[in-house]
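Dear colleague,

Please find the structure below. My notes on what was found in it follow directly after.

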Amino acid sequence: MTRDFLLLLPLGIVGAGAILLMLRSALGKLTLEAASLVSMCVFALAFIAQILSGTIGHVSPYGSVFNGMLMVTDFTRVAGLIILACGFFTSMSSQSYFKENGFATVEYYSLIAFAVSGMLLLTMSQELITAFISLEIMSLSIYILVGFNRTCVTCAEAVLKYLMLGAFTGAFFTMGTALIYGGLNSTKFSAISTAIAAHGFLHLPALVGGAFFIIVAFLFKVAAFPFHAWVVDVYDGASVPVTGFMATALKTAVFAIFANFLMLDPGLKSAWVNYLFYIAILTMFGGNLIAIGQNTLKRMLAASGIVHTGYLLIALVAVSADHFTGSVILYYLAAYAVSTLGIFAALSYLTGNGEMRSQFDDFKGLAKKRPYSAAAITVFLLSMAGIPPTAGFMGKLYIISSAIQAGQVTLAVLGIVSSILSMWYYLRLIINMYFHEPEETFETECSVFGPVCTLILAVAVFAISLYPVTI
Amino acid sequence: MFEHILSSMIFLPILAGLILLLAPVPKNGSRAIGFVVSVAVLILGLKLYAGFNGAGGMEFVEKCTWIKSLGIHYTLGVDGISLLVLMAGAVLFPTIFLLFSTKTKGYYGNLLIAEGAMTGAVCAGDLILFYIFWEVMLLPIFFMIGLYGGEGKISATLKITLYTIAGSLLMLAAIIFIGVSYHTQFGVWSFDIAKMAGLRLHGSMAVLAFAGFMLAFAIKIPLFPFHTWLPDAYTEAPSAATFVLSAIMAKIGVYAVIRFVVPVFGPEFTKYALILAYAGVIGMMYCGIAAIAQKDFKRMLAFSSASHMGIIALGIFCMNVQALTGTLFQIVAHATSTGALFLFAGILEERMNTRKIADLGGIAGKAPVFAMFFAIAMLASVGLPGTSGFIGEFLIILGAIKFNVIIGVLAGTSLIIGVCYMLWMFQRVFFEKVNERTEKFRDLTSVEVFAFLPIIILIVVMGIYPQPFIKKIEPAAKIQISSLLHNMQVADLNVLERGRNQEKK
């Protein structure tokens, strides 16, 4: 009983923190700085609780009360840790960002906490309705976060696009759930697994259709080909910390549930693996083609996020459903999260008021004026590009190893080719920062949090790379 | 410290370099730190050289587990193949810090990181560890060319970086493929290079993996037709970076072929050796002829370096002990001679503010010491008997003729081209008439003489009395070749016979 309580404690802390922040902001008794500190504390506490809630194997907390709707495994716990860390660092860098940009209110931090609680729940879901509800808790919070700057036109465009397409996704997911419920009289993953084991996946038409709709919804959320077109505009419209948050925490949560759903039975996975193979390839190359053409940093990072989704899909194709641990996926997500959050943390104080520095050219000569920030950004970019000795390299090493081990040599080689292509746009920013003369002073008015957050994440890039993982 | 002599040689410069980059160190202080650290590495290197007994196996081994689940270890070690490459780096680096003084601290920091990473790449006994150092050693060069290079620096950096990274990422795929094959064959994960000789690879996948490795190394060396990044990068790079690229980094490409490709891909290597040897010879001739046409002396040296790298690479593809020993010897000989030539070119450029051969003339009269040192390095580079260049090239051509007469003859002929462009350039730059530009040329200062003296002495000593050096490398070369021959017997191929067949025609 205590153990069950401990397992859900992080979720409780974040949820309570979100409600607390919301109430305080309604009473108007909290300054923005204090709110960011409170949310950082909430995430830190939840992170510690998540680490301390040590468990072995698969546990279903309050199994009888919730009827086995939730499941905690090592996979979900680590995914939860990544999400909580994303929440923490987003709150931290937001603090700096809102020194320059004055549109924030206390609800902003509350919404981040709500989104994180939805994500935590999503990772643990073992049932489709629960997954849908947590997906919507997460999505609704993020819709608001994307459109938080009400006076900005691109924000409005972004939120409209995201909301419309997201609503479709929600509808797809519901449709899939309805089909599965119609066919199996249950929405629980365990029931789906039993049904597949008894009849075989392809002999259950309702399940095939339902799984199709659900996987489409997941592919939309992780921005995989051909559902990736929204990502560039939405990431561009959202404010810098929100973009970083979306790119990392949301992707982690959705990949966790995606993997949980796909791996619930080997029959289900093997039925989709061929399609995922092509989707992974097209996602990588589609993302690269988009990224190469961008002149805005945020748009480039958005497009490179598509490419990283492609790598994660490789991992998803390669892992075996029989003894699924997901360590490769999680490692890559962590490595990607650290470098993406890092670069967005740096951008949150470097872009300046109204995000006036947004183009590649705006960062010319940054290294001459702010050498440490430029060095940190370089570290993050090299990690994203997969150059050793960074975390991104190790992540890629694990993914390629598991792909080759699973016999997916084509996928592994194409993954490598795609990372060669991606060198171009990562190097482009490094070249702009280092090899050009500065045209401005890059003076920004920021709190100490942004740079500190960047520093921690830059160190984390190397720290994670040394951490060995069991494939 | 001396139990971990290799680790110290790798991480001392890397740490010092990082500190220089991150901490606010004054410019002159950073140069002094760089010099002291590189001398410290040299002392460690000399200690290592003295303690090396040359039995043919790995010595000074360090090993600890890093990623257990994938069998990745932190393994370091030196044998006859890596020893001289390692020493070449250790001996040459202090010179750079003595010679160039006008740049910022980042220049010295990057140089130190490059030194550490290159040492690491040469000592690594684990494929993943090797790959990490291999990639890391490119980064400082990227920044040096981009930050301190000439006018076309940005396109030159992009060219070298994209080219090399494309090659090395494909090599990463091949490395992982080898690791996975090892796992399938033996049931355990390992990336240890010493164990890879036992690996049996078959079919088209083996050829692809072989191609992945060869491509990465062919780009780094560079082997014809992957040399197109070289003239731009060598010309635009600051002198120290050109020096590092030509003297040491290119050699690591050659070293890596011997260390990683020959033992693992014996059958494939044997099958394609003739094609590769032709690539080496064509590269030699093509780059040599291109060098004759150059108007810019740094660019001419760049082509000359590429041309000589062709013959060094050829030595591996001939697959016999003479050629391989020649290659290993020539690695050091070429590092000293071409390295010195690029340093001289740097000095010339710094003092004359031009790189055009036509703008110069009559320097020998103004600066006799400079001219003499230059002449020694140049003659070593063209392989004049009595200099280090002769021994290596002689051994390689001997081996080449044994392997295939046509290749041997072509290789010998292309040396004449080398003499052509070098002597013609020497005549135009050092003799002929003094113009108003060269009027003011001053000779080497005593510090510069002191910096160059060890290199010049090494060139002469290695030319006159090469035996001690050859003694260190020959056992390792023999082991390498005999394991290759063993592999060929397994694969039912006999290249020596193939060589003789062509002789009869």
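I begin just after helix 16 of chain A, where G386(A) takes a positive phi of about 80°. Helices and strands here are DSSP runs numbered from the N terminus (H or I, at least four residues, for helices; E, at least two, for strands). This is a predicted model, in which local features need pLDDT of at least 70 and side-chain atom pairs count only at pLDDT 80 or more, while totals for chains, interfaces and linings use all residues. Residues are numbered from 1 along each chain as its sequence is written, with chains lettered from A and ligands numbered from 1 in the order in which they are written.

Helix 16 of chain A itself has 15 residues and reaches 21 Å from its first C-alpha to its last. That is close to the 21 Å expected at 1.5 Å a residue, the expected span being 1.5 Å times one less than the number of residues. Because 12 of its 15 residues are buried, helix 16 of chain A is largely enclosed by the rest of the structure. A residue counts as buried if 20 or more other C-beta atoms lie within 10 Å of its own, as exposed if 12 or fewer do, and as partly exposed in between, with C-beta atoms placed from the backbone. Among the buried residues of this helix are I377(A), V379(A), F380(A), L381(A) and L382(A). Their cover includes helix 13 (297–318), helix 14 (327–350), helix 17 and helix 18 (409–434) of chain A.

The loop between helix 16 (371–385) and helix 17 (391–405) of chain A also holds P389(A). The peptide bond from P388(A) to P389(A) is cis, with omega near 5°. In chain B, the bond from F224(B) to P225(B) is cis as well, with omega near 0°; P225(B) is placed in the loop between helix 9 (203–220) and helix 10 (229–236).

N185(A) lies in the loop between helix 7 (153–184) and helix 8 (189–199) of chain A and is exposed, with 9 other C-beta atoms within 10 Å. F60(B) belongs to strand 1 (residues 59–67) of chain B and is buried, with 20 other C-beta atoms within 10 Å.

As a whole, chain A has 19 helices and 0 strands, and buried residues make up 62% of its 471 residues.

The contact between the chains takes 27 residues from chain B and 22 residues from chain A, two residues being in contact if their C-beta atoms, placed from the backbone, lie within 7 Å. On the side of chain B that touches chain A, the largest share, 15 residues, comes from helix 7 of chain B.

The largest nonpolar core has 398 residues, and V146(A), A315(A), I329(A) and Y332(A) have the most contacts inside it. Such a core is a set of buried Ala, Val, Leu, Ile, Met, Phe, Trp, Tyr and Cys residues joined through C-beta atoms within 7 Å.

With kind regards
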